[in-house]
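Biologist: I should like to learn how to read the features of a structural model. May we go through them one at a time?

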Amino acid sequence: MLNIVLFGAPGAGKGTQAALLAEKRGLVHLSTGNLLRQEISSGTATGKIAQRLIDNGELVPDGMVIGLIREQLEKHANAGGFIFDGFPRTPEQAAALDLLMEEKGMSVSAMVALEVAVEELTDRLLKRGRESGRADDRSFDVIQTRINVYHRKTTPVIEYYRAQRKYHPVDGTGSVEDISERLYRYIIHL
Ligand code: B4P
């Protein structure tokens, strides 16, 4: 069973590549960003807390996203494998994912990190803000906060997986197709 953590800074292309990979390999795509946006549009209590934090470029509490992932793993109990997009974003979330997977007799196969320079991340997000109108992509300051939060709180997740010999960096620049091919070439050996 293939369970991939697709890692990267905001704007690294996680959402884009996770969707392609999920389709190619028949995996269930779980994006905590998308799950949180669904909570927001449904007006749930979780969504209300998430909205304020997302609009400011901050992470939502670990317990909240771990709860959403737990629900999804239960909902897709018969899945052939998962691709986690934007989760885990803290070492605490990574440890919780290991426990959740263990409870279900599964494990993370690999963490694949998309590497993209900061200037390009900012350009991509501002472009999406202009095209899709996503609120957290519209402000340069909010994007800067998200990138700072990524460096401060999320990059320690790299060490977490490196210690497990599961960390695999991939060049996240170039065309969507080329990056997808790079990822696929690595994953085929797992
Ligand atoms: P996400 O939805 O995960 O937002 P993101 O980090 O910006 O990544 P996304 O997947 O959308 O962008 P992508 O890299 O695909 O999270 C939103 C917010 O929710 C977070 O800021 C946080 O507040 C909260 N949250 C989510 N998960 C959480 C967690 N686990 N813990 C706590 N809080 C959490 O790419 C972006 C753009 O790049 C796209 O427009 C795409 O078209 C473009 N792009 C992709 N590939 C490209 C390429 N090769 N060339 C040029 N552009 C490309």
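**Reading the model, feature by feature**

Modeller: We may begin with Q17, which has its place in helix α1; helices (H or I, at least four residues) and strands (E, at least two) are DSSP runs, numbered from the N terminus. This is a predicted model, in which local features need pLDDT of at least 70 and side-chain atom pairs count only at pLDDT 80 or more, while totals for chains, interfaces and linings use all residues. Residues are numbered from 1 along each chain as its sequence is written, and side-chain values use heavy atoms, with hydrogens and water left out.

Biologist: Is Q17 buried or exposed?

Modeller: Buried means under 20% relative accessible area, exposed over 50%, and partly exposed in between (1.4 Å probe, protein chains only). Q17 has a relative accessible area of 3%, and therefore counts as buried.

Biologist: Which residues is Q17 in contact with, leaving aside its neighbours within four places in sequence?

Modeller: Contact means heavy atoms within 4.5 Å. With those neighbours left aside, Q17 is in contact with L6, L114, V176, I179, S180 and L183.

Biologist: How does one check the length of helix α1?

Modeller: The expected span of a helix is 1.5 Å times one less than its number of residues. Helix α1 comprises the 12 residues 14-25 and should span 16 Å; its end C-alpha atoms are 16 Å apart, so the two values agree.

Biologist: Which residues of α1 are buried?

Modeller: An α-helix has 3.6 residues a turn, so residues three or four places apart point the same way. In α1 the buried residues are K14, Q17, A18, L21 and A22. They lie on the same side of α1, because they cover an arc of only 135° around the axis; the arc is that of the directions from the helix axis to the C-beta atoms. The cover over these buried residues includes β1, β2 (28-31), β3 (81-85), β4 (110-115) and α9 (176-187).

Biologist: What follows α1?

Modeller: G26 follows α1, and its phi is positive, near 65°. A positive phi also occurs at R165, a residue other than glycine, with a value near 60°. R165 lies in the loop between α8 and β5, and it counts as exposed because its relative accessibility is 79%.

Biologist: How does the span of helix α7 agree with its number of residues?

Modeller: The 15 residues of α7 (residues 140-154) should span 21 Å, and its end C-alpha atoms are 20 Å apart, which agrees. Buried in α7 are V142, I143, R146, I147, V149, Y150 and T154. Because these cover an arc of only 160° around the axis, they are on the same side of α7. The face turned away from that buried side carries the exposed residues D141 and R152. Among the elements covering the buried residues of α7 are β1 (2-8), α3 (45-55), α6 (118-132) and α8.

Biologist: At what angle do helices α5 and α8 pack?

Modeller: Axes are lines fitted to C-alpha atoms, for helices over the stretch in contact, and angles run from 0 to 180 degrees between N-to-C directions. Helix α5 (residues 91-103) and helix α8 (residues 156-163) pack at about 40°, with their axes 8 Å apart. P91, A94, A95, L97 and D98 of α5 make the contact with P156, V157, Y160 and Y161 of α8. By class, this contact has 8 nonpolar, no polar and 1 charged residues; Ala, Val, Leu, Ile, Met, Phe, Trp, Tyr, Cys and Pro count as nonpolar, Asp, Glu, Lys and Arg as charged, and the others, Gly among them, as polar.

Biologist: How should I read a proline, for instance P169?

Modeller: P169 is found in strand β5 (residues 167-171), and it counts as partly exposed because its relative accessibility is 36%. The C-alpha atoms of P169 and L114 are 6.2 Å apart, although these residues are 55 residues apart along the chain. Not counting residues up to four places away in sequence, P169 touches A113 and E115.

Biologist: What is the peptide bond from F87 to P88?

Modeller: That bond is cis, with omega near 0°. P88 is found in the loop between β3 and α5.
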